[in-house]
Amino acid sequence: MKDDYKHLIHIKSHDELELYELIPDVVWIFDLDKHGWWWGNQPALKFWGLSQLDELINKDLSGDTQGARDRTVQTFELAAKNGLTIDPWTTYPDGKPKTLYMKHRAVLVGPERHRAIIAYINEEVNLGETPENLLLVEAMRYTTVMVTSFTFEGEIVIENPAATEAYNHIDPKQISDQRSAFSARFATPAEGESLLQQAISEKGGRWTHLMHTSAGLRQHTLDIRITRHPLSGDFLILMAEYDVTPLYEALNEAHEAQEELRKMAHYDAVSGLPSLNFLMQHAPNYLARAERSRQQLAVMFIDLDGFKAINDSWGHDTGDQVLREIAQRLSGVLRDADQIARIGGDEFIILVDDIHDENSVTTVAEKIIHRLEGKISLKDSAAIPTQVRVSASIGIALFPEHGKTLEQLIKVADKAMYRVKNSGKASYAIGNSPANDLTTD
């Protein structure tokens, strides 16, 4: 870990700090690894009401909370990364809270090279005696909301510990000239640069972006305001970041669940084909287009021959294998413009679009019948045969000759299919015409 701080200045002894005694402002050095003061100048001793340096070094800090210790470490890490921090710090020199604007630099001290911060009191902040104001300063340190102020060029002025922790993986030295500390936080830095300019132009706003944090990619809502530096008066960007990843994940899960319900309502779980609901929803578009172009359209009602015996003899798993194979074969015969649906059991409906005459649809019917004649191979099992056969009885209705709605066309095609069933199966019939005499194996 020490190697991570080899770029820091190493102050070996107090003798190297004589020039600091000439500074009229308060300066002290705090040892993080010991959690105590390592050194302080005379103004620092006066600030704490002490007369000797040893009194400062031996000051009892055992009552400090873990939160106070963590804040000190976070200040050191930020100073080690950025070179300097400037932020409000509440101290209690006489038992009463005093809030100061302090500068911190990270150093290493003593022969053990302990982590330490040199603290310079930059300016006392006049917050009055109102406890609420002091609590607001402290709340910035304890809140899990990431708060950072940036210059208009996108460089960090100050950030709270939550922001430091979220982006402690970003090395300022590795930020290219085309990027800033602001844009380096974004999963897509170009988005960050664009947002920076937009926020300045619009004087703030709220946006949600994917951010590259130390915990990985996270969705953050960014609340950006324009503010001013309390010391210099320069305009700054003040950005609060809220991690809304759980909300986005919940919304995605809800969307996926909704999509799954839609598939369940519109697609058959066994064959993967659209359901009758899907066909009923989209058929009006097909019919309207056919009517506008004055073209025919055919509805085929297909019932498998021999499927019930397979299902009854060898069970639904075998039957489902057969249905999936039939679905693939039927889909392979059709054009992209046609629409197929499984409406239940061993029944299918095919909507054949843009046909020119009766021969166009009978050609499709013959292809289907011959395509389904081939043996269907099943998964090896000791309890079932390795191959089975089915055939298809097909009833056909034509639009607009046999009906103007899908319901009317299905009814006509269904009756035509039953005529095929009753006259030998493995064939087709159109409207009220008798079944076609097809010879099959």
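Me: Hi! What kind of model is this, and how are residues numbered?
Reply: It is a predicted model, where local features need pLDDT of at least 70, side-chain atom pairs count only at pLDDT 80 or more, and totals for chains, interfaces and linings use all residues. Residues are numbered from 1 along each chain as its sequence is written, and side-chain values use heavy atoms, with hydrogens and water left out.

Me: Great. How many helices and strands are there?
Reply: The protein has 12 helices and 18 strands. These are DSSP runs numbered from the N terminus: helices are H or I with at least four residues, strands are E with at least two.

Me: And how much of the protein is buried?
Reply: Buried residues make up 44% of the 441 residues. Buried means under 20% relative accessible area, exposed means over 50%, and partly exposed is in between, with a 1.4 Å probe and protein chains only.

Me: Let's look at a sheet. Which strands form the open one, and in what order?
Reply: The open sheet has 5 strands in the order S13-S14-S12-S17-S18, with mixed pairing. Two strands count as paired if DSSP finds at least two bridges between them. Strand S13 (339-344) and strand S18 (428-430) stand at the edges with a single partner strand each, so one side of each has no neighbour in the sheet.

Me: How does S17 run against S18?
Reply: Strand S17 (residues 391-399) and S18 run parallel, joined by 3 bridges. Within that pair, glycine 395 stands opposite alanine 429 in S18.

Me: Which strands does helix H10 touch?
Reply: Helix H10 (residues 316-333) packs on the sheet and touches strand S12 (296-305), S13 and strand S14 (347-355). Contact here means heavy atoms within 4.5 Å.

Me: What about helix H12?
Reply: Helix H12 (residues 406-422) also packs on the sheet. Its touching partners are S12, S14, S17 and S18.

Me: Back to H10. Which of its residues are buried?
Reply: Among them are Val322, Leu323, Ile326 and Leu330.

Me: Nice. Where do S9 and S10 come in?
Reply: Strand S9 (residues 205-213) and strand S10 (residues 216-228) run antiparallel, joined by 9 bridges. They form a hairpin with 2 residues between them, and histidine 209 has histidine 220 in S10 as its bridge partner.

Me: What does S10 pair with in S11's direction, parallel or antiparallel?
Reply: S10 and strand S11 (residues 235-243) pair in the antiparallel sense over 9 bridges. Threonine 227 stands opposite leucine 236 in S11.

Me: New topic: how many salt bridges does the structure hold?
Reply: It holds 13. A salt bridge is a side-chain nitrogen of Lys or Arg within 4 Å of a carboxyl oxygen of Asp or Glu.

Me: What does glutamate 241 pair with?
Reply: Glutamate 241 forms a salt bridge with arginine 185, with the closest N and O atoms 2.9 Å apart. The pair links distant parts of the chain, 56 residues apart: glutamate 241 is in strand S11, while arginine 185 is in the loop between helix H5 (161-166) and helix H6 (189-202).

Me: Are those two buried or exposed?
Reply: Glutamate 241 is buried, with a relative accessible area of 0%, and arginine 185 is buried too, at 1%.

Me: And aspartate 312 with lysine 308, buried or exposed?
Reply: Both are exposed. Aspartate 312 and lysine 308 lie in helix H9 (residues 307-314), 4 residues apart, about one turn of the helix.

Definitions and conventions
Axes are lines fitted to C-alpha atoms, for helices over the stretch in contact, and angles run from 0 to 180 degrees between N-to-C directions.
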